[in-house]
Amino acid sequence: MSVDEIKIGGMGASRRRVEDNRFIRGKGRYVDDIVLPGMLHMEILRADVAHARIKSIDTSAAWEVPGVRLVLTGEMMAARNLAWMPTLSYDTQAVMATDKIRFQGQEIAAVIADDPYIAKDACSRIVVEYEQLPVIVNPVQAQDPSMPLIRDDKENQPTNKIFDWEIGDKARTDKAFEEADVISKLELHYPRSHPSPLEPCGSIADYDRATGKLTVYMTTQAPHIIRAAVAMVAELPEHMIRIVSPDLGGGFGNKVPVYPGYVISILASILTERPVKWIEDKTGNLISTGFGRDVYLKGEMALRKDGKILGMRMHTVSDHGAFYADAQPTKFKIGLMHSTFACYDVPAAHLTSEGYYTNKAPGGVAYRCSFRVTEAMFFQERMIHAAANDLGMDQAEFRRVNLVKDDMFPYRTAFGFLTDSGQYEKCLEVGMEAIGYRNFKQEQEEARKRGRLLGIGISTMTEPLGAGNSREYDILGIKMFDSAELRIHMTGKGILRTGAKTQGQGHETTWAQIVAHELGIPADDIVVEEGDTDTAPFGMGTYASRSTPVAGAAVAMAARKIRAKARKIAAHLLEVSEEDIEWELGRFYVRGNSDRGVTIQDCALAAYSNMPDGMEPGLESTSYYDPPNLTWPFAAYFCKVEVDPQTGVWDVLNFVAVDDCGVRINPMVVEGQVMGGLTEAYAMANMQYITFDESGNCIGSNYMDYLLPTAWETPGFELHEVVTPCPHHPIGAKGVGECATVAGPAAFVNAVMNAIEHAGARNVDMPLMPNRVYEALHTGNDISGMPPVRVD
Ligand code: MCN
Ligand code: CUN
């Protein structure tokens, strides 16, 4: 008699995404679609040089353009104490340059006008006089004492170094190295990359002087954090601030930071008493907003002859740009870099890292990555590849020997994380089978005899997804947890709101499936709303694939509270005591008499029309969920490539992805996430590169130079699943949103290296452009390492 879970769109149903109904009709409502009465338009003047002392800014010609309402400069921002703002990593960031320009693309002035074209024209009439300074574009230059100090605005900042940080057990690691039979070394650069969502950033600030209320429609993945930040920075009362994040055209981490444009549009609205819209262009987005990576990594691995890893040393040097603005848990200086090697049994490890200021856009936001996990896993898998080669061991076998075994969970990693579940060897096996791993060596040899270069690459990783728990994870002191609020109306339909914010991940579809699973209410009867701070419960937002592990768990818990109350109502309706009530999906019945029952919908109606004496009416619940641990999904990726020895061009022949993200709420959505992530991984491995010339000019500031792969270039991916439920998550789910971007790049690079490394090279840095692959193949030299890096 219980309802059929798949039919009602519950857990495990590949329910079609409800949000796509409006997206594919062109009916999405993005920030730029919103038009408010009397709205003005803002354009930002950005610096065209990377490091310069400002002598003067003359805005008089801009003021004269008809239709211009306001011209803002750093000086005017400073007069209102808004020229600088705090960052998410306890640094400060210029909202508008006052003293110095510190990177190309930095905000210098803003024009607010009747339309965006007038604003743009007027911007071009602003005259900035400056004195150029030597430019620092990498951490090696940042350490050169003859180079200028970038952050001369700060007290106690005598050099360009931001931090030194270490974690792990040095003495134990040193000992492991003393006992090693073989020591394997690797050094590489994970280049700067950019999330480049199709929709750039933007905001509409609407300050109403009569009510004192400030409403900001904006592109943000974390609206509640923005509300708190605006309250603190602009010193406005928090209850008078409403942040609305409408449909987002992708986020990928790019919409986590607080950008100057948002703050400037807010001040502009307060000053003009009109709504002010700011929409960034693509180049503005690429040159000034949060990037990912830009880390130099080197390490060495202590190995025993039989293939056992004994210890690992790692050193990272990260380039943070002009302001240390990483969005990451406060406790860790370099995100969760120390989750590296978490899927392998590594008895001893030590990680040191340094961060530097350079004359580049601030960032260090993770791009589809839990706070630096992507760099960690890329290095891990490249190191594993190098170590297996140094030992003369097969790539898969070396992994099998060192992967954490099923009976070792819960497993404490050398850096202190607790991984709690997984079937790593099984995933490896499924992947090997699917790609035909065991025949490959022969295939490769035969092909080589005929002058063809084939390669196979493996990448296996587990990553920590779902910050909190609040004991260990906070951002600027705000503890990391999340929330859901479920309101069931009297006809059994309802509305669910969470503190997360979907940017394309499909929350509107999948959260309703959790409710269907818990209550038996059809998913179609639950509308999901996120992103409005006036209505949604407080939450830390969506990034680091934390939504399913945290907000998703809160959804299940909120639904369970509803079920608990409905059970009391059912007992009342059936005139038995609560202890005699049994539950099956969608329905309560009397123990021993399953014909006597009431549906969840009957209970909903009774909650408003016939509740038991003394019971509060209504059927609503709120849940704040603080997860006991992170969730640990696992991925095993296999990539087969062919490299053309004449050109260095490489093609993917086959790609097999095995993902274990615990219980899948919606298998189709999970597959979409994996496909999208692999496409981004392929782009980074193959073609994407944002670099800087010696003057700090950003090379890669448009989509002619910074390439987005289309369906034409992107290879096909074959997907497989393994399910190891998360032991502490209420529905057994683990996060998955980033796994493919995190584990993907190493699979491509390992495959290309496997095809060419017989010629001698151990590493080619991403992107593996044909000229680099060609050179490594024909010279046998590595193309990698510390700066100055090659600019091709
Ligand atoms: N899901 C599921 N079963 C699981 C795990 C997840 O059905 N066991 C579903 C979820 O219900 C959700 C989706 O898969 O609909 C992703 O869930 P999750 O792994 O919790 O990740 P988040 O929702 O927190 O999304 C964040 C993650 C990040 S950090 C980036 S960056 C990213 C990504 O998701 N940006 C994206 N995927 C993206 N996809 C799109 N289309 N656009 C972006 O900007
Ligand atoms: Cu880190 S990119 Mo996603 O975490 O928003």
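Strand 31 (residues 650–660) and strand 34 pair in the parallel sense over 4 bridges. I begin with this pairing, in what is a predicted model. Strands here are DSSP runs of E with at least two residues, helices are runs of H or I with at least four, and both are numbered from the N terminus. Two strands count as paired if DSSP finds at least two bridges between them.

Within this pair, Ala657 has Leu719 of strand 34 as its bridge partner. Both strands belong to an open sheet of 4 strands, whose order is 20-30-31-34 and whose pairing is mixed. Strand 20 (453–462) and strand 34 (718–721) are the edge strands, each pairing on one side only. From one strand to the next, the twist averages 15°, taken between lines fitted to C-alpha atoms, with angles running from 0 to 180 degrees between N-to-C directions.

Before the ligands, a word on conventions. Residues are numbered from 1 along each chain as its sequence is written, while chains are lettered from A and ligands numbered from 1 in the order in which they are written. Local features need pLDDT of at least 70, side-chain atom pairs count only at pLDDT 80 or more, and totals for chains, interfaces and linings use all residues, with side-chain values using heavy atoms and leaving out hydrogens and water.

I turn to ligand 1. Which residues come nearest to ligand 1? Of the 34 residues around it, they are Gly251, His507, Ser547, Thr548 and Val736; a residue is counted here if one of its heavy atoms lies within 4 Å. Helix 14 (507–519), helix 15 (547–574) and helix 17 (667–686) each supply at least two residues of this shell. By class, the shell has 12 nonpolar, 17 polar and 5 charged residues. In that scheme Ala, Val, Leu, Ile, Met, Phe, Trp, Tyr, Cys and Pro are nonpolar, Asp, Glu, Lys and Arg are charged, and the others, Gly among them, are polar.

A backbone N or O atom of Val736 lies 2.7 Å from an oxygen atom of the ligand. A polar backbone atom of Lys734 is 3.2 Å from a nitrogen atom of ligand 1, and an N or O atom in the side chain of Gln503 is 3.3 Å from an oxygen atom of ligand 1. The protein covers 96% of the 840 Å² of accessible area that ligand 1 has on its own, by the Shrake-Rupley method with a 1.4 Å probe.

Ligand 2 contains a copper atom, and the only protein donor of that atom is Cys369 (O), at 2.5 Å. Donors are N, O and S atoms within 2.8 Å of the metal (3.2 Å for Na, K and Ca); water is not among the atoms, so sites may look incomplete. Cys369 lies in the loop between strand 17 (348–356) and helix 10 (373–391).

The residues around ligand 2 include Phe252, Tyr367, Arg368 and Glu738. Its shell has 6 nonpolar, 2 polar and 2 charged residues. A backbone N or O atom of Ala544 lies 2.4 Å from an oxygen atom of ligand 2, and the side chain of Gln221 has an N or O atom 2.8 Å from an oxygen atom of ligand 2.

Finally, the backbone. A cis peptide bond joins Ala467 and Gly468, with omega about 5°, and Gly468 is found in the loop between strand 20 and strand 21 (474–475).

Technical notes. A polar contact is a pair of N or O atoms within 3.5 Å; within protein, one must be able to donate a hydrogen and the other to accept it, and residues adjacent in sequence count only if both atoms are side-chain atoms.
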